[in-house]
Amino acid sequence: MTLDLHLWYVPLLCFAGFALNIIFGRFWSHAVAGVVGVGFSALAFADAVWVALRWLGTQTPYLEQHGNWISAAGLTVPFGFQLDQLSLVMLLVVTGVGFLIHIYSAGYMAHEGGFYRYFALLNLFLFFMMVLVLSSNYALMFIGWEGVGFVSYMLIGFFFRRDSAAKAGLKAFVVNRIGDFGFLIALFLLFQRFHSFDFTSIFAQARTLPVETSGAGILTAICLLLFVGATGKSAQIPLYVWLPDAMEGPTPVSALIHAATMVTAGVYMVARSATLYVRAPQASAVVLGIGGATALFAAIIGLLQRDIKRVLAYSTVSQLGYMFMACGVLSYGAGIFHLMTHAFFKGLLFLSAGSVIHAAHGEQDMFEIRKLSPGGLRKYAPVTFWCFAAATCAISGIPGFSGFFSKDQILSAVFNVNKFWWAIGTLTALLTSFYMFRALFITFFANPEGTAEPSPSHAHPSGQEPSEVADHNTLPHESPAVMTVPLIILALLSTFGGLVGLGDRFTKFLSPAFQTGLPPATGPAGSDTTVFAASITVALLGLLLAWWFYLKNPAAPRRLAASFPALRALVFNKFWIDELYGAVIITPLTVVSRVLLDRGVEQTIVDGGVQGTAWLASATGNTTRRQASGNLRSYAAWLGTAAVAVLFYVLVVGFRRF
Amino acid sequence: MHVPADYYLRILPELVLTATAVLIMLIEGGARLGSRAALSGTVALIGTAAALASVAVQSAHRGEAFSGMFRVDGFSLFFHGLIIAATLIVLLLSIGYLRAQRLQRGEFYALLLFATVGMCLMAGSVELIMVFIGLEISSICSYALCGFWRASARSSEAALKYLLLGSFATAFFLYGIALTYGASGSTNLYVIARSLSDVLAGHGSLILVAAALMFVGLAFKVSAAPFQVWTPDVYEGAPVAVTAFMSAGPKAATFAVFLRIFYVALGRYSHTWFWMIWVAAILSMCLGNLGALRQTNMKRMLAYSSIAHAGYVLVAFAALGEHGISAAMFYLACYVAMNLGAFAVISNLAQQNERFIDLHDYAGLGFRFPLQSVCLTICMLSLIGIPLTGGFLGKLFIFKAAFQNHLVGLAIVGLLNSALAAYYYLRVIAFLYMRPATVEVSQPQRSLSMNVAMVACAVGVLWLGIAPNSLLNFVVHSAGALTGR
Amino acid sequence: MIPLSYYLILSVLLFCLGVAGFLLKTDVISIFISIELMLNGVNLSFVAFSHFLKQINGNIFVFFVMVVAAAEAAVGLAIIVSVVRNRHTLSIDKISLMRD
């Protein structure tokens, strides 16, 4: 190949930023550390654009290798990078949005300690993300996959040194490990079956395999296990529980990692493995089902959240569900299209939310924010308001905005395959539109009643504010330009970014990356009129409902809530999923391994804390003490018993054989 | 009787180590009090480095020595290198550690080196009695080292427990040797293998009993469940430097013996002993990881973790064949590096009388002691098995071998365990970086040698994770030594 | 001539007596002596096998084992002395500072 793109420069630049800041950052002022951090992400983005410009001329799959990572025992894994349409979109989205969020962070984190560490980690995150999307084999992809997970863990817990943040980080990591467990088994199966980790080699071999229509074979197993990994990273049922808690981290981190890039890695991985998934229809059906169920479920939970970041977190889970629905009906192009528009508008939503929180001196409860800003926050922070509004229109699928195009493509693709999931998707769109406009109206508009919103299950009764809320007498204010400029850019992208997909242009552009060796299962996803009309209707209906409930007739939600208290409690408490996990998974586990599990999991997942521990310790104490009693004679008895067991075993086997 | 010079070259590392240890004992007797601890430490370091260098000499003289009692092949060279390197790291960290504990007595180094001699003999001998003697040399020295901190009740209790249980297990091992001898008429592994291929029917069960007894003894030494009960107490009570030592070298040496006896001498019975290993692997992984979850004492946590890691190596062991052996060898190298790195940091932070040994003491240390924290973090990540560290590749090869031999169940249990284990290793990182300090931890003693030990381990862990090929290829080639290729 | 099995059974009995002593005795010295009993049970096997195989090896092994046992005893007694100094007791049931 004559074209030499030096793809590895992109991750290298990010790594250089990390290394410089982590080594020298402590001696630098805020300004220098910020410039280095932002600068290297800018260089990475510039290089990505340069790569894109050169590559778009040829548009042939590009591969480069830099030595071998592993080359022994019949296993060869090169440090290989590849570029095709799919990687290119990911590359540009990640570096582009990443760069904007770096700029924004320079303003947002300006008053936090550990500024240089923050930028170092952010650059490191970009590095691993680049490795993930550019790698040419599953093993290298796994490096990126684990790397982003670890950096995300560090970024969640790193800054505020709150116990809840540390716990949220731990939860995120451990839940992701469960997903990675599936991913790893899939890797081993892939190697068993195809004797390679390389995408090219695996997919070339897979193209010769038949579609596993009749029964589930190895491909179905691999695809399902890969999807287990995807559910962990991309926060799908049942592993989504970590994402809302991850909002403990700084808001730009939520924007970059938990909205725009890392959480979409699962979608990328499924799309990358398209050649396998098209041959495993049952696995694809599972992807569709889980995606659809997650989309709806998270949207329902999102309906009544009070914390602005949590609304966005659940909406992220829900939107990721859409992307998986697209993958489930083999419309990978539509899924990636939504991934891209989602990166724009969800990144924007988080950044605007950050700006709101900044404006409101650290308050995250939307109703409290409204109380803080007489006459509505939009008067004090107009730029933020308009950006948030643009993003809300985009995510709700208001015609003309980017989310409309991508969501419409997904829904028409699903419509062609399965009417039931299309209906679910459309219902979710209605809910999405409703809760997003609800968030917009509550946060930015004055309370039409002029009275305080009742707070039935609010953790802090009014008057008892979190400590970071310094002074409520100061009115909210607009954020500095370093924060608003990225907002404006993202708002433009959210508004007009969907136009690249007009008339299936984007999907057609991506299609070479999804040449699976089979004819596309669905026809070209031309917008069906029914779908089109339904999408527009639900989007506008959601807007109207939100307007009616929260601006026009604000007493209505309360009346509604009063008439269905149980339902409201159910939704508000996130269906008690965390508690259910405790009851269904954790308790049996502790009972089964009574000796051993007393504190660890109890504290991690159930947050049971001291009382649970004490109870469990006394409940399991006897067994525990018997096993590690400290008494030498009981140890010897253990050894003796085990030795007798081993002898018994060999004698039984021996006498049977001889 | 004429002994060829080659024979001495083949045991050159052992000779160098023995000479150094004897020299240290002479220094202890002769030199003036003030200078002798430092002198002994320096001599020990130089001697161990020389022994490590002499492994290269050894590798130029492969073959058998002393009537086939000792064998220099890729397998034994690998373990010689690993064991001596581990001792070198332990020496580096103990020089600082002993100073901090005011335990500067030279016999510590002598005992350490004698124990290393024993382990090297284990790695190289293909003769059961020689194995037994090597095992006892290293064990007896370890017992003494455990109780080295004589003023501490915990230290002497640990020594007593280790001594009694260790001797108990050794008696089983020895009985196994006796029965093997009776069944095959020899104690040389290769002769045993040959004579077992035509044993009479009646001896079949005798050799199986012998295998079971040797399994008990060896499983005890590598702290594989269900013979792991002693590990937490002994690791907790022993001085940190000794704990570090015990968790690395003896484990590797015993695995060398374990692999060699079972593959070479008892390879014919693999279908029987396979299930013992299988059960021990599962139990070790589960009991180790679940036990570690609730520990806050760093030593005790790593004790349980070492049980779990023995389980991972046993998974490779159960994946019969060269893939399994080479995976076990590679994993042991990674394990030694990451475990010693963690212990180096712990011994550095522990300070006088091991005041700071609890997880809660580590809260908020991340930014106060960056070097220690970064090294500890790297080692913890490797223990979890995060890519780009040795621990990841080690596990990758182990589970790949398990999958290749259709041990899917075992591999799944192992992978689940490594997901579970992430929790307690990660908690250490969480304490370092994400918790405000609760305990006033004083500045640890500045010790160049300890810093070298920490950094060497961290670099080793990363090296094994990023550029593993040279070691991997060596390991793959030398694994053939056991399967007779 | 006494058959080999007699020796082996005696050896097993000695070994098991040692194990029983180890498990049942509470005093450290007795436990330590139980280990010697186990080792001597093994030694008996070595000698018996050696005799019946008509080899000298087994007898030599016994000497090695005895030397090792002596070394173990030397270190062991020193450790016991150190424990007694710290804890003022010889009862193994009272020596359990470390536990879960």
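# A walk through the three chains

Gln85(A), if residues up to four places away in sequence are not counted, touches Phe509(A), Leu510(A), Pro512(A) and Ala513(A), where two residues are in contact if their C-beta atoms, placed from the backbone, lie within 7 Å. The model is a predicted one, in which local features need pLDDT of at least 70 and side-chain atom pairs count only at pLDDT 80 or more, while totals for chains, interfaces and linings use all residues. Residues are numbered from 1 along each chain as its sequence is written, and chains are lettered from A and ligands numbered from 1 in the order in which they are written.

Gln85(A) belongs to helix α3 of chain A, which covers residues 85-108; helices (H or I, at least four residues) and strands (E, at least two) are DSSP runs, numbered from the N terminus. Gln85(A) counts as buried because it has 21 C-beta neighbours inside 10 Å. The cut-offs are these: a residue is buried if 20 or more other C-beta atoms lie within 10 Å of its own, exposed if 12 or fewer, and partly exposed in between, with C-beta atoms placed from the backbone. Between the C-alpha atoms of Gln85(A) and Ala52(A), which stand 33 residues apart along the chain, the separation is 9.7 Å.

Elsewhere in chain A, strand β1 (residues 62-72) and strand β2 (residues 75-83) run antiparallel and are joined by eight bridges; two strands pair if DSSP finds at least two bridges between them. Ile70(A) has Val77(A) in β2(A) as its bridge partner. The hairpin formed by β1(A) and β2(A) has two residues between the strands, and in this hairpin Ala73(A) takes a positive phi near 50 degrees.

Two further helices of chain A show how covered its elements can be. Helix α10 of chain A (residues 251-260) is mostly covered, with ten of its ten residues buried, among them Thr251(A), Pro252(A), His258(A) and Ala260(A). Helix α19 of chain A (residues 402-417) is also mostly covered, since 14 of its 16 residues are buried. The length of α19(A) can be checked as well, for its 16 residues should span 22 Å at 1.5 Å a residue, and its end C-alpha atoms are 24 Å apart, which agrees; the expected span of a helix is 1.5 Å times one less than its number of residues.

Chain B has 19 helices and two strands. The radius of gyration of chain B is 21 Å, close to the 23 Å that the globule rule gives for 485 residues, so chain B is as compact as a globular protein of that length; this radius is taken over C-alpha atoms, and the globule rule is 2.2 Å times the number of residues to the power 0.38. Along the principal axes, the C-alpha atoms of chain B fill a box of roughly 70 × 55 × 40 Å. Of the 485 residues in chain B, 71% are buried, and among its contacts with a separation of 6 or more, 80% are between residues 24 or more positions apart.

One residue of chain B to look at is Gln404(B), found in helix α16 (residues 390-404). Gln404(B) counts as partly exposed because it has 19 C-beta neighbours inside 10 Å. Apart from its neighbours within four places in sequence, Gln404(B) is in contact with Ala319(B) and His323(B), whereas the C-alpha atoms of Gln404(B) and Ile378(B), 26 residues apart along the chain, are separated by 30 Å.

Chain B meets chain A through 58 residues of chain B and 53 residues of chain A. On the side of chain B that touches chain A, α17(B) gives the most, with twelve residues. The residues of this side divide into 45 nonpolar, eight polar and five charged, where Ala, Val, Leu, Ile, Met, Phe, Trp, Tyr, Cys and Pro count as nonpolar, Asp, Glu, Lys and Arg as charged, and the others, Gly among them, as polar.

The contact between chain B and chain C takes 30 residues from chain B and 31 residues from chain C. On the side of chain B that touches chain C, the largest share, 17 residues, comes from α7(B), and the residues of that side comprise 17 nonpolar, seven polar and six charged.

Chain C itself has three helices and zero strands. Its radius of gyration is 17 Å, whereas a compact globule of 100 residues would have one near 13 Å. Buried residues make up 38% of the 100 residues in chain C.
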